[in-house]
Structures are given as C-alpha cells and as structure tokens.
Amino acid sequence: MGLSPATVDLVLASLLLGGLYVTVSIGLSLVFGVMRVMNFAHGEFVMLAMYAVYWAYEAGGIDPYVAGLVIVPAVFLVCVTVLRPFVLWLVNSPPLVQVFATLGLSIALQNLALLLWAGNFRSIRTSYSNTLVDIAAMRVPLTRLVAFAVAFLLVIGLHLFMKHSFFGKAVRATAQNRRTARLMGINVERIYVLVFALGTSIAGLAGVLLMPIYSVHPGAGFQLALIAFVVVVLGGLGSLPGAVLGGLLIGLVEVCSGYFISPSMKQIVYFAVFIIVLVTRPAGLLGQRGAEEVGLK
Amino acid sequence: MLVRTGGSLLAATLALAAASAAASAEDWRIGALFPLSGGLSVLGTEALAGSEIAVEMINEHGGVNGQKVVLIKADVTSPANATNEARRLVTREGVKFLTGTYGSSISLAIAAVGNQFKVPYWEGAAVSDELTQRGYGYVFRLNDNASAMAAGLVQAVDEMFAPKIGKDVKSLKIAMIHEDSAFGTSIAKDFEAQMKEKGATLAALEPYAANTQDLSPLVLRLKELNPDVLAATQYFNDAVLFWRQARNAGYRPKYFAAIGAGQATPDYRKGVGDDAEGVLIADVPSAGVKADALVPEAAELQREFVKRYKAKMGKEPASHSTRHFSAMHVLLTKVLPKAASFDPDKIKAAVMALDEPIGSTILGFGIKFAPEGQNSRSFNVILQWQKGELVTVWPQRFATAAPIMVPLPDWAAK
C-alpha cells in the first residue's frame with residue numbers, strides 16, 4: 001500500500017533469489033546433518049542435472065520440468081545402487097578423507113563435463129521463458145516463481161517427513177547417535193545411503209529448476225555450491241530451518257547491497273554479514289553448539 | 001636385450017637430433033602458444049586453426065622465401081603456465097619468434113618472456129591495451145585492442161545514435177555496465193575516457209562480477225536512472241542473464257550497445273531468443289566483411305579462408321579464428337619475406353615500414369603500426385542482431401544492412 005514500486009521490486013527480487021539459494025542448500029544441509037559429511041561435490045550434481053535437462057530439451061525437445069520427473073528419480077537410483085559402496089566408505093572415513101574424497105569427486109566431475117561437453121555456456125529457451133505472472137501488484141517471472149514455490153513446498157514436506165514419519169524418526173535417531181540407533185534395530189547403513197540419495201536428488205531437482213533460468217557450464221555447480229556452503233554455515237550446520245533462513249537472508253543482503261551500494265559490492269557485503277554472524281554466533285543462526293557431534297534439528 | 005634397447009635409443013636420439021638440426025637450419029620455426037586444454041580449449045583450438053590455415057596456404061605455395069613454415073605448438077592455460085611454456089620454447093626448442101594467443105593475461109605473460117630474451121612476439125587476438133604499452137619494443141598487434149573496440153562504440157553513439165534522436169552527445173545520459181575482470185575494466189576505462197573527449201560524462205559506471213547469479217539489483221538501478229545510452233561489456237553468462245532479467249523487469253534501454261565478447265555469439269541469440277533483436281555490438285564483422293569494402297586480393301583471401309576453415313573445422317569461422325588467420329597471413333606474406341630473418345630489429349623495421357589502406361586485410365583493417373607496436377588502422381564496426389542474423393550496420397563503407405529499432409521500443413507485453 002504505502003510501499004514504493006522499487007521497494008516491492010527489491011523484496012520480490014530478494015525472495016526469488018533467496019528461494020534459489022535455499023533449493024541448492026537444503027540437500028547439502030540434510031546430508032551434513034545426518035552423515036556429518038560436507039559434500040563438496042554437491043554442486044556438481046546440480047551441474048550434471050542441468051546438463052541432463054539441457055540435452056533432453058535440445059535433443060529430444062522435452063520440457064525441462066517434464067524431464068525433471070525422470071532426472072530426479074534417476075539421480076536417486078544411481079545413488080542407492082552405483083554410489084552405495086562409495087557412500088558407505090565415505091561415512092566411515094575420517095573427516096579429512098571425506099573432504100578430499102568429495103573435493104576430488106567434484107574436480108573429477110567438472111573435468112568429465114569439460115571433456116564431454118567442452119567449456120561453452122549452454123542455455124535453453126522455452127515458450128514460457130518470458131512469461132510473467134501477476135500476483136497482487138507484482139509481475140513475477142514464471143520460471144523463478146516455480147523454483148521458489150517448489151523450494152518452499154520441499155522444505156515444508158521435508159520438515160514434516162523428518163518430524164512425523166517413522167523413517168524420519170529413524171533418520172534423526174541415526175543422526176543423534178549412530179551406535180544407539182543401531183542397538184534400537186535401525187539399519188544405519190540403509191539410512192545413510194537413503195539420506196545421501198535424498199540430498200543428492202534434491203541437488204538434481206535444484207538443477208532442473210535452475211536450467212530454465214541460468215546457463216550451464218562445467219563450473220556452474222561449483223559457483224552455486226560456494227554460495228550454498230555460506231548459506232548452510234550461516235543458518236547453522238545441519239539445521240533445515242537454518243538453511244531456509246540463511247538462503248533468504250543471503251538473497252536479501254545480496255539484492256539490497258547491490259541496489260543501495262553497488263552491484264560489485266554485494267559479495268563483500270554478504271561475506272561481511274557472514275563473518276559477523278560467525279563471530280557472534282559460531283554455530284550459525286539456528287545451529288546448536290557442537291553441531292558436528294549432535295544431530296539433525 | 002639391454003644392448004638392443006640402448007642401441008635403438010641411441011639411434012632414436014641421433015635421428016631426433018638430426019631432424020631438429022635440419023628443421024632449425026632451414027625452416028621458419030614459429031612458436032604458437034594457445035590454450036588447448038581446460039576451459040578456454042574450444043576457443044583456443046579454433047584460434048590455432050586460423051593460424052594453421054595461413055601456414056598451410058603459404059607452405060603450399062613454397063613457403064616464405066623458399067623455406068617452409070613450421071608451428072611449434074604449446075598449450076598455455078594460465079599466465080604462470082604461459083611463462084613456463086614460452087621460456088621452454090625459447091631456451092629448449094630454440095624458437096626465435098612467438099605468436100598466440102587467446103586471453104589478455106596469457107598474452108602479457110608471453111610478452112614478458114619475449115622481452116627477456118629479446119624474441120619478437122606477434123599477437124593475434126588478445127585485446128588488452130597494456131600489451132603494447134609496456135615499452136617492450138618487439139611486441140606487435142595487427143588486430144583491434146580494447147581502445148579500438150571502445151572507439152567503435154563511442155563513434156557510433158556520436159555519429160549514428162545522437163543525430164537520430166536529435167540530441168547532442170554532450171546532453172545524452174550515458175551509463176556503462178561491465179564485468180569486473182581486466183577485460184571489462186580496461187574497455188570501460190577506455191570508453192569513459194573517449195566519451196570525456198567528446199564532452200560527455202557517464203551518469204553511471206557499474207562493475208559487477210561475471211560469475212554472479214543475479215543481476216536484478218543492477219537492472220533496478222538502471223531502470224530508475226533510465227539512461228539514453230547503455231553500453232555493456234559482458235561475457236556470455238552474464239550477458240544472457242542481464243538481458244533476461246531486464247526483460248522480466250520490463251526494462252529496455254533506448255540504445256543498448258555491447259562491446260565484443262558475449263553478445264556476438266550464436267549461443268547468445270539462442271539464450272535470449274527473439275529478444276536479441278536490435279541489440280548492437282561493437283566488434284569485427286563475424287559473418288565476414290562485405291567483399292566490395294575490401295581490396296580484391298583481401299576479398300579473395302577471405303573466400304579462400306572461409307572455404308578452408310569449413311573444410312578443416314566443419315563450421316563457419318568465428319572472429320577469433322579470423323583474427324588469427326589474418327595476423328598469421330600478414331606475418332608470412334608481408335613481414336617475414338622482407339625481414340628475411342628472425343632478427344628482432346629487421347622484423348621491427350619490416351613491420352614499421354608497412355603502410356596499407358583500410359580494406360587491405362580480411363577484417364577490413366589497414367596496416368600502419370604505431371611505434372609502440374599497435375596497428376593504428378584497426379577498428380571495430382557496429383553489428384546488430386536482425387532477424388536472427390548478425391549484420392553490419394555501421395560505418396557506411398562496411399554496412400550490409402541499415403540499422404533498425406534505433407531507439408529500441410519498450411518490450412511488447414506478453
């Protein structure tokens with residue numbers, strides 16, 4: 001009502017960008033929360049999904065969102081079959097090995113993409129690329145609205161699932177204390193593999209949602225993952241609500257500092273906010289102390 | 001067994017030594033440094049292909065002064081790597097002349113090595129002004145540099161756009177956005193300085209990081225400022241992102257002109273679709289210079305190059321391939337035959353003596369080198385996306401079509 005159009009635009013831009021960051025971050029947060037593994041190759045799964053969408057559209061003329069219905073389950077299947085031994089080995093390795101293994105995987109996947117598809121930036125253009133949706137007084141790009149809505153529903157769904165389903169309880173038990181969970185008859189290995197598959201499928205979903213908006217190249221995932229790490233640590237490692245809050249906050253800080261200060265300063269500003277939060281609240285906004293030992297919230 | 005291995009090794013070594021001795025005694029051995037692996041490999045390989053085609057053509061006609069030309073290739077992916085490889089070519093391979101590259105930071109590293117060993121360096125595509133401003137003495141660039149690119153845009157604003165909307169360039173509200181690496185920053189600096197010479201000041205100069213995920217704050221700022229002219233230097237990713245986000249925000253500048261890089265690629269057209277229509281780009285003509293703007297030999301050379309490039313690479317040459325072909329061809333036909341050796345001072349004398357009119361190279365450039373080593377008759381034309389094709393719209397001599405959509409209308413509601 002009393003808001004100027006510029007303010008509305010700013011809030012809208014912040015929310016939409018924050019929503020994208022949330023999509024990329026929650027899978028990472030989930031995997032860390034349960035497995036205590038910081039997956040540095042998370043972004044590469046986003047990137048591979050983006051390429052999958054690209055090729056489905058280019059070669060088969062398949063709509064990105066339709067392709068997503070196949071791509072996301074496919075990522076899940078690959079994780080529970082081909083990657084299963086890797087996941088189990090990873091979760092039982094010392095932290096340093098986990099860092100190097102996932103970082104190594106990240107570099108290997110980037111170079112594989114470079115080898116297969118070269119370094120070009122590739123983008124797709126659908127019939128609804130320019131479609132704007134009228135919501136109240138705002139005009140919202142459809143592709144970004146879809147990404148935001150899916151992220152929003154996903155977070156709520158994931159939260160309810162973890163809190164109320166039997167599987168969710170087993171996951172939280174495993175996260176809190178692996179040995180006790182095993183004593184209670186929980187198949188801990190199965191939980192780890194399924195959680196890794198779930199987190200990675202969400203990365204795949206993020207790729208599907210991002211491809212109609214951005215261009216893909218072999219380094220695209222790594223750039224997104226860098227922001228996701230900031231989001232996840234800022235919100236509190238392993239905390240799903242924290243990842244949401246972190247994502248929206250980074251989106252807001254980035255857009256507002258870009259508008260009021262300068263587009264070239266926005267990264268400096270959000271890293272400054274990041275540092276201030278870490279100094280005052282080392283566990284992140286919603287994280288608990290010693291999050292690397294205690295479980296998923 | 002041991003004896004046999006040793007024997008064949010010895011034989012191989014001797015053969016190799018003989019071969020390299022033969023090569024260094026007779027052939028023109030030219031170092032060719034390009035990024036052939038890593039992120040720039042596609043562009044680097046295409047650029048090298050341009051040079052190779054020039055060498056093949058010359059060798060088919062008996063080489064330079066009766067001797068064959070051989071390219072000694074090296075893969076350079078970063079400035080540190082370029083320094084090492086240039087050093088290796090000069091000290092181990094005994095190369096006395098260097099060419100390349102793709103990427104300004106790589107070219108600066110090679111030029112420094114060339115300077116250290118007093119080996120001439122002939123650059124084909126990198127645009128940084130600094131390359132010829134370091135006072136090295138034996139660095140030469142036939143093609144356009146950053147300030148020539150900016151100059152193309154400044155002139156077009158002054159002579160094409162300002163009269164069209166009935167304003168003087170001094171009274172125009174001009175803004176520039178650019179990605180903040182060395183490439184974008186140097187072009188922005190040139191653009192601002194040259195506009196100042198025309199008496200115009202920039203209302204805004206907005207740098208941003210090319211790997212950004214979001215340009216909506218920039219779009220909102222520009223929407224509020226509403227400049228008459230928006231100039232941009234962008235890579236591919238940010239170029240597509242900016243135009244898409246501007247479209248979504250309902251913002252279309254009245255005059256949008258980009259300098260080189262992102263907007264001039266077919267991928268850009270694909271990325272933004274019909275919204276590319278009317279976008280102006282200062283560059284060399286990527287679809288080829290129209291034949292009647294060139295001297296007859298250059299027009300014939302252009303036809304021959306395009307034919308050979310398609311046969312070799314299976315696609316149309318892009319501007320970096322053409323730049324490298326042109327640079328190598330001028331070197332082999334106009335510089336080396338006269339210098340008759342790689343002696344730096346003889347090379348320099350041959351380069352500085354060149355004096356050819358506009359239209360005498362296949363990119364339309366003339367040749368007249370300034371003392372610091374930059375060809376002062378290189379320039380940029382203005383291209384425009386029209387019906388999905390890049391056409392040349394300015395200046396008159398090179399134009400293949402008249403400019404359309406000046407000024408750009410608002411986005412049609414969809």
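In which loop of chain B does B:Asn226 lie?

Guide: This is a predicted model, and what follows should be read as a description of that prediction. B:Asn226 belongs to the loop of chain B that runs between helix H7 (216–225) and strand S8 (229–233). Its backbone deserves attention, for phi of B:Asn226 is near 45°, a positive value in a residue other than glycine. Most residues other than glycine have a negative phi, and most peptide bonds are trans.

B:Lys118, although not a glycine, has a positive phi of about 55°. B:Lys118 is found in the loop between helix H4 (104–117) and strand S4 (121–123) of chain B. With 13 other C-beta atoms within 10 Å, B:Lys118 is also classed as partly exposed.

Two peptide bonds of chain B are to be noted as well. The bond joining B:Trp394 and B:Pro395 is cis, with omega about -5°, and B:Pro395 lies in the segment after strand S12 (389–394) of chain B. A cis bond also leads from B:Val406 to B:Pro407, where omega is near -5°; B:Pro407 is likewise placed in the segment after S12 of chain B.

The domain assignment of chain B gives domain 1 (26–144 + 294–353) and domain 2 (147–283 + 381–398). The centres of domain 1 and domain 2 of chain B, taken over C-alpha atoms, are separated by 30 Å. Seven residues from domain 1 of chain B and nine residues from domain 2 of chain B take part in their contact. On the side of domain 1 of chain B that touches domain 2 of chain B, the residues comprise one nonpolar, four polar and two charged.

The nonpolar core comes next. The largest nonpolar core holds 215 residues, of which A:Ala49, A:Met50 and A:Val53 touch the most other members. Helix H1 (residues 5–35) of chain A gives the most to this core, namely 16 residues. Domain 1 and domain 2 of chain B both give residues to this core, so the core lies between them. Leaving aside residues up to four places away in sequence, A:Val53 touches A:Pro64, A:Ala67, A:Ile71, A:Gly207, A:Val208 and A:Met211.

The contact between the chains involves 29 residues of chain A and 28 residues of chain B. On chain A, H1, helix H11 (240–260) and helix H12 (266–280) each supply at least two residues of the side that touches chain B. H1(A) gives the most to that side, with five residues. By class, the side of chain A that touches chain B has 13 nonpolar, 12 polar and four charged residues.

Finally, within chain A, helix H7 (residues 166–176) and helix H9 (residues 188–210) pack at an angle of about 105°, their axes being 10 Å apart. That angle makes H7(A) roughly perpendicular to H9(A). H7(A) contributes A:Ala170, A:Val171 and A:Thr174 to the contact, while H9(A) contributes A:Val188, A:Ile191 and A:Val195. The contact of H7(A) with H9(A) has five nonpolar residues, one polar residue and no charged residues.

Terms used. Residues are numbered from 1 along each chain as its sequence is written. Chains are lettered from A and ligands numbered from 1 in the order in which they are written. This is a predicted model: local features need pLDDT of at least 70, side-chain atom pairs count only at pLDDT 80 or more; totals for chains, interfaces and linings use all residues. Axes are lines fitted to C-alpha atoms, for helices over the stretch in contact, and angles run from 0 to 180 degrees between N-to-C directions. Helices (H or I, at least four residues) and strands (E, at least two) are DSSP runs, numbered from the N terminus. Angles under 35 degrees count as roughly parallel, over 145 as roughly antiparallel, 65 to 115 as roughly perpendicular and the rest as oblique. Two residues are in contact if their C-beta atoms, placed from the backbone, lie within 7 Å. Ala, Val, Leu, Ile, Met, Phe, Trp, Tyr, Cys and Pro count as nonpolar, Asp, Glu, Lys and Arg as charged, and the others, Gly among them, as polar. A nonpolar core is a set of buried Ala, Val, Leu, Ile, Met, Phe, Trp, Tyr and Cys residues joined through C-beta atoms within 7 Å. A residue is buried if 20 or more other C-beta atoms lie within 10 Å of its own, exposed if 12 or fewer, and partly exposed in between; C-beta atoms are placed from the backbone. Domain bounds come from an automatic or database domain assignment.
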